[in-house]
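Please read the following report beside the sequence and the coordinates.

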Amino acid sequence: MGSIDYTQELSVVEGKPALRELDELISKPLDSKPDIKFYIALAVTLTMLTIGAIGLTASLYYGTGLWGNNNPVGWGFPIVNFVFWIGIGHAGTLISAILFLFRQKWRTGIARFAEGMTIFAVITAMIFPIIHTGRPWLAAIYLLPYPNQHSLWVNFTSPLLWDVFAVSTYFTVSFVFWYIGLIPDFATLRDRTSNKIKKIIYSVTSLGWRHSNRHWQNYELTYLILAGFATPLVLSVHTIVSFDFAVAILPGWHTTIFPPYFVAGAVFSGFAMVQNVLIFIRKIFNYEHIITMDTLERMNKIILLTGMLVGYAYSMEFFIAWYSGVQPEVFAFMNRAFGDYFWAYWIMFSCNVFIPQLFWFKKVRRSIPFMFVIAVLVNVGMWFERFVITVTSLSRDYLPSSWAYFKPTLTDASLLIGSFGLFFTLVLLFTKSLPVISIAEVKAVVDGSQPKHGDH
Amino acid sequence: MSEKLFSYTALFNTPDEIIHAAKAVADKGYTKFDVNTPYPVHGMDSAMKLKTSKLGFVTLFAGLGGAALALLTMGWMMGIDYPNVIGGKPFFPLPAFIPITFELTVLVATLSTVAFLLFFFFKLPNNRHPLHDTNYMKNVSSDKYGVSIEAEDPKFNLEEVKSLFESLHASVIEPVYFDEEEVNYKPKIADGKFLAFLAAVAIFVSVSAYTHLNYLLYIVPFNWMAEQGKLVPQSTNDIFTNGSSMQTPVEGSVARGFIPYAFKDKPDEAGKFLVNPLIPNEQNLAVGKNKFNIYCSPCHGYLAEGDSRLRGQFPNPPSLHSEKVRGWSDGRIYHVIVEGQNVMPSYSSQLSREERWAVVNYIRVLQRSLNAKESDL
């Protein structure tokens with residue numbers, strides 16, 4: 001350890017691959033036929049997706065009565081899943097935008113993939129509030145301000161409407177950011193391919209990009225501007241999602257700690273998900289020297305950090321409940337930890353706070369099986385966090401006569417399984433249709449790719 | 001391949017060489033030249049003597065525009081067009097407008113920046129540039145670094161450019177020509193494929209719009225006349241002097257078919273003088289049964305025994321099979337239907353005159369069914 005020369009920046013790409021080799025490696029999944037493993041994986045995710053589709057069809061045909069939602073727990077699984085999936089998306093923007101602003105070069109290997117996961121997670125998330133409106137085909141009428149016969153406008157002071165704008169903006173900006181990053185790669189693929197149809201597709205999608213430096217100059221500025229916008233945007237999205245709860249007056253929801261706590265939780269679960277999927281990707285496509293063990297270790301450090309932030313928020317909620325002296329508040333939190341849903345609370349607490357502490361050990365941070373299991377548990381814990389927040393507060397509101405226990409139904413379960421099916425199906429299709437690593441960005445950080453004595 | 005030269009190009013193997021080459025080309029005073037590299041090379045902008053990008057201004061103004069758009073729209077909708085007190089907030093609740101203002105600022109700024117970048121600054125999409133599909137482009141998009149000096153440059157001289165590239169030790173030096181076909185290509189409107197594409201788009205858009213508007217949303221133009229140009233009672237209009245669409249009838253006017261009831265508050269006279277105009281037959285008994293079951297049976301019971309279906313929520317009426325009611329004339333029963341009695345209200349608005357008599361006939365049938373005459377047996 002003592003032999004590291006700290007005056008030299010460590011390379012983020014192991015070895016010194018030739019640039020043309022990188023082209024071949026990254027575009028290999030696009031040029032080759034998928035193997036049997038891919039089809040098995042796709043079969044599993046499509047089965048999950050079908051289960052979800054059946055649940056969704058039944059929900060649309062018979063109505064939302066098939067769900068476990070009751071009075072007073074009107075939010076139930078759809079909102080839990082929505083918050084969970086939006087949270088998963090946050091790691092992608094953090095990696096692509098915030099780490100870009102901090103000039104963290106290790107992000108280059110994983111940024112494209114993480115951004116892709118952001119887009120897929122937001123698509124998955126958006127389904128839930130839309131079907132939760134009950135008649136999703138009318139959702140646009142409920143959610144968007146448009147001139148209508150009743151001369152009514154939507155309520156711009158409602159956090160639920162803020163959500164509509166936040167999530168749709170987040171999706172649009174993430175998508176544009178992703179596409180801008182893809183343009184030079186499409187151009188590289190266009191010039192590599194000998195297939196006629198692929199050539200047409202890549203010519204269209206690359207828009208005729210010429211790798212011109214007169215373009216690179218503006219392109220880099222745009223990338224910086226987009227990163228600069230995406231950073232406050234990603235913070236705003238989960239802040240606004242937390243407003244859905246925090247602006248309500250329900251005990252256990254009405255707290256000012258929610259925005260930072262939700263953002264930390266989102267980054268926490270998102271990193272865990274990205275880490276999970278990258279472990280497979282780097283192995284299957286032989287990207288071990290691009291998505292290095294160092295990169296994974298850095299991600300684990302961020303999981304540890306955000307896990308402790310979340311743990312701090314859990315404890316601080318109890319402290320504030322006691323310190324405020326507000327009885328319903330104290331009751332709400334005691335009920336969370338020791339009430340009907342104590343099991344959910346302690347699953348959440350141990351998965352999110354205790355288990356990530358193992359990442360203090362370097363051996364655990366660099367062991368693939370360990371980090372994989374821990375990250376899976378983190379996501380279990382984070383799903384239960386949203387369950388605990390949504391359900392425990394609603395099921396025990398101010399009026400004891402209206403208390404009720406929330407029990408999910410089979411349809412709820414099928415929709416949850418289906419959401420994982422949709423997400424992983426999109427991820428699998430992504431790995432075979434687009435370069436999962438940014439070719440241009442990785443080339444720029446390979447050793448010797450920049451002028452040695454550039455006098456800039 | 002035509003003979004018309006677009007540019008002369010040189011390929012280099014390392015980033016150091018290309019920086020050096022770009023500097024040399026810029027120092028010679030060439031302006032119409034470009035450097036193509038597989039990724040942005042540090043220090044190239046100053047080597048090529050490029051001016052600072054103006055793109056930031058687009059972002060600034062678009063962002064400000066987005067913020068103003070959001071605030072003005074929300075303020076107009078919630079404060080002017082349809083003022084509504086929500087949660088005790090003022091008509092222009094600035095703090096509650098901040099989230100959406102922020103989101104729209106970001107949205108408008110990023111979309112405009114990207115749109116300006118691609119379509120205005122880069123003039124993309126452009127797949128017809130002469131550099132496309134050349135050996136030069138295939139190399140610079142992978143692992144080589146290239147310089148291209150255009151023939152249109154005022155200082156362009158074939159021999160000079162060649163010797164400049166040679167002195168820079170370029171690995172490959174080659175000319176790029178305009179593609180004659182691409183240069184002379186003119187898009188035709190009346191192209192079969194293009195027209196088919198347009199037709200497909202038109203059909204898709206119309207069918208999906210029709211289905212969506214008609215079957216899912218029921219909005220204009222498929223709202224099934226929910227919105228009509230007629231005058232509705234509470235609306236205003238310019239036709240009448242008092243401006244109201246709903247006018248009171250002229251004094252003394254009588255509604256169509258209206259016949260005044262002569263026995264108001266005179267039950268005995270009604271019993272004496274009113275004569276049942278209907279001879280009981282299958283037709284009017286069926287009408288009577290139908291109307292009795294709808295309007296009378298909830299309290300009187302299906303068999304008129306006073307066995308209400310209302311489970312004590314309304315006082316039960318006496319049986320219609322009593323000595324007293326059986327002794328009443330048809331006119332007397334008719335009077336009760338018209339005027340009501342005790343807690344029973346008038347049914348004159350629910351039943352027409354004929355229907356009332358039909359109900360009376362049906363009541364007689366019910367009465368006979370419990371207290372049949374010898375002759376009925």
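Predicted model: local features only at pLDDT ≥ 70, side-chain atom pairs only at ≥ 80, totals over all residues.

Residues are numbered from 1 along each chain as its sequence is written, chains are lettered from A and ligands numbered from 1 in the order in which they are written, and side-chain values use heavy atoms, with hydrogens and water left out.

| Residue | Relative accessible area |
|---|---|
| A:I374 | 3% |
| A:C351 | 7% |
| B:D143 | 16% |

In chain A, helix 12 spans residues 342–354, and its buried residues are A:A344, A:Y345, A:M348, A:F349, A:C351, A:N352 and A:V353. Helices (H or I, at least four residues) and strands (E, at least two) are DSSP runs, numbered from the N terminus. The buried residues of helix 12 pack against helix 9 (258–284), helix 10 (293–324), helix 11 (327–338) and helix 14 (368–395) of chain A.

A:I374 lies in helix 14 of chain A. Leaving aside neighbours within four places in sequence, A:I374 is in contact (heavy atoms within 4.5 Å) with A:I355, A:P356, A:L358, A:F359 and A:V364. From A:I374 to A:Y314 the C-alpha distance is 19 Å, with the two 60 residues apart in sequence.

B:D143 sits in the loop between helix 5 (135–140) and strand 3 (145–150) of chain B. The side chain of B:D143 makes a polar contact with that of A:R20 at 3.2 Å. A polar contact is a pair of N or O atoms within 3.5 Å; within protein, one must be able to donate a hydrogen and the other to accept it, and residues adjacent in sequence count only if both atoms are side-chain atoms. Beyond its neighbours within four places in sequence, B:D143 is in contact with A:L19, A:R20 and B:P38.

For B:C299, the nearest cysteine sulfur is that of B:C296, 9.2 Å away, and B:C299 is in no disulfide.

Key: Buried < 20%, exposed > 50% of the residue type's maximum accessible area, 1.4 Å probe, protein only. Disulfide = S-S within 2.5 Å.
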